[in-house]
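Subject: Structure for your files, with notes

Hello,

Please find the structure below. My notes on it follow.

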Amino acid sequence: THEFRKATFLGTLLLLFLTIPAADAARWLHSGDYEGIKIVVAPEADENTREAGTEFQKYWEKTTGFVVPIVNDIPDDGPLVLIGKETLPPDWRKAYDAQAPGIDGVYLLSGELDQRPVLALAGGEPTGTLYAVYEFFERYMGVRWLTPDITHIPATPPSHIKKIHYVY
């Protein structure tokens, strides 16, 4: 039984060692980068998309403690959150159009743009982009809207956000 325990222990260590690179590959953003995020909302965005940007900013502060800016153009540095289909780069826009979420559907996709982390939140008209923001905070940040007056915000943010590709 001692040899069995030793083999089990060594096997567990090997499995843990082999899964560490896979876990890093599945990560979109680490908590050390939370403060540097910039939210991009196109200047021509409609009222619902602008509200989605404001809601993202509000709940990002509530969940991470960081106040991040909303900008109209893609800046040269830092992680980005693209709000609305108008902000999507051409290749991402093609993918969005091919998977069109439909009326009020949501589209959440993470990846890289110029070797920096990017999250795209978009959706069908008229309120899909706003729903995409709420879906992100519920699925990936642990926020729960329990009643109109009660929202649960986790005490600490996640240590990282995994890669995302969610269309509904």
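Read along the sequence, the pattern of the protein is α-β-β-α-β-β-α-β-β-α-β-β-β-β. That comes to four helices and 10 strands, where helices (H or I, at least four residues) and strands (E, at least two) are DSSP runs numbered from the N terminus. This is a predicted model, in which local features need pLDDT of at least 70 and side-chain atom pairs count only at pLDDT 80 or more, while totals for chains, interfaces and linings use all residues. Residues are numbered from 1 along each chain as its sequence is written, and side-chain values use heavy atoms, with hydrogens and water left out.

Overall figures

Of the 168 residues in the protein, 39% are buried. Buried means under 20% relative accessible area, exposed means over 50%, and partly exposed is in between (1.4 Å probe, protein chains only). Among contacts (heavy atoms within 4.5 Å) between residues at least 6 apart in sequence, 67% join residues at least 24 apart.

The sheet and strand S6

An open sheet is formed by six strands in the order S3-S2-S4-S6-S5-S10, with mixed pairing; two strands count as paired if DSSP finds at least two bridges between them. Strands S3 (70–71) and S10 (165–167) are at the edges, each pairing on one side only.

S6 (116–123) pairs with S5 in the antiparallel sense over eight bridges. Within this pairing, Leu109 has Ala120 of S6 as its bridge partner, and Gly111 stands opposite Val118. S5 and S6 form a hairpin with two residues between them, and Asp114 in the turn has a positive phi of about 55 degrees. Strand S4 (residues 80–83) runs parallel to S6 and is joined to S6 by four bridges; here Val81 is the bridge partner of Leu119.

S6 is mostly covered, with eight of its eight residues buried. On one side these are Arg116, Val118, Ala120 and Ala122, and on the other Pro117, Leu119, Leu121 and Gly123. In a regular strand the side chains alternate between the two faces of the sheet.

Arg116

Arg116 is in strand S6. This residue is buried yet has no salt bridge, and the nearest side chain of opposite charge, Asp114, is 4.8 Å away. A salt bridge here is a side-chain nitrogen of Lys or Arg within 4 Å of a carboxyl oxygen of Asp or Glu; for charge, Lys and Arg count as positive and Asp and Glu as negative, with His and the chain ends not counted. A polar atom of the Arg116 side chain does lie 2.5 Å from the backbone oxygen of Pro75. Leaving aside neighbours within four places in sequence, Arg116 is in contact with Ile74, Pro75, Asp76, Asp77, Gly78, Leu80 and Gly111.

Backbone points to check by eye

Most residues other than glycine have a negative phi, and most peptide bonds are trans. The following residues depart from that.

- Glu125 and Pro126 are joined by a cis peptide bond, with omega about 10 degrees. Pro126 is in the loop between strand S6 and helix H4 (128–141).
- Asp104 has a positive phi, near 60 degrees. Asp104 is in the loop between helix H3 (90–98) and strand S5 (106–113) and counts as partly exposed, at 27% relative accessibility.
- Gln115 also has a positive phi near 60 degrees. Gln115 is in the loop between S5 and S6 and counts as exposed, at 75% relative accessibility.

Thr129 is in helix H4 and counts as buried, at 5% relative accessibility. Beyond its neighbours within four places in sequence, Thr129 has contacts that include Thr49, Ala52, Ile83, Gly84, Leu121 and Ala122.

The whole structure holds 11 aromatic pairs. One of them is edge-to-face: the rings of Tyr134 and Trp145 have their centres 5.3 Å apart and their planes at 70 degrees. This pair links distant parts of the chain, Tyr134 in helix H4 and Trp145 in strand S7 (residues 144–147), 11 residues apart. Rings of Phe, Tyr and Trp (its six-membered ring) pair if their centres lie within 6.5 Å; planes under 30 degrees apart count as stacked, over 60 as edge-to-face and the rest as tilted. Tyr134 is partly exposed at 24% relative accessible area, and Trp145 is partly exposed at 29%. Ring pairs link Tyr34, Phe56, Tyr59, Trp60, Tyr134, Phe136, Phe137, Tyr140 and Trp145 into a cluster.

Regards

Technical notes
A polar contact is a pair of N or O atoms within 3.5 Å; within protein, one must be able to donate a hydrogen and the other to accept it, and residues adjacent in sequence count only if both atoms are side-chain atoms.
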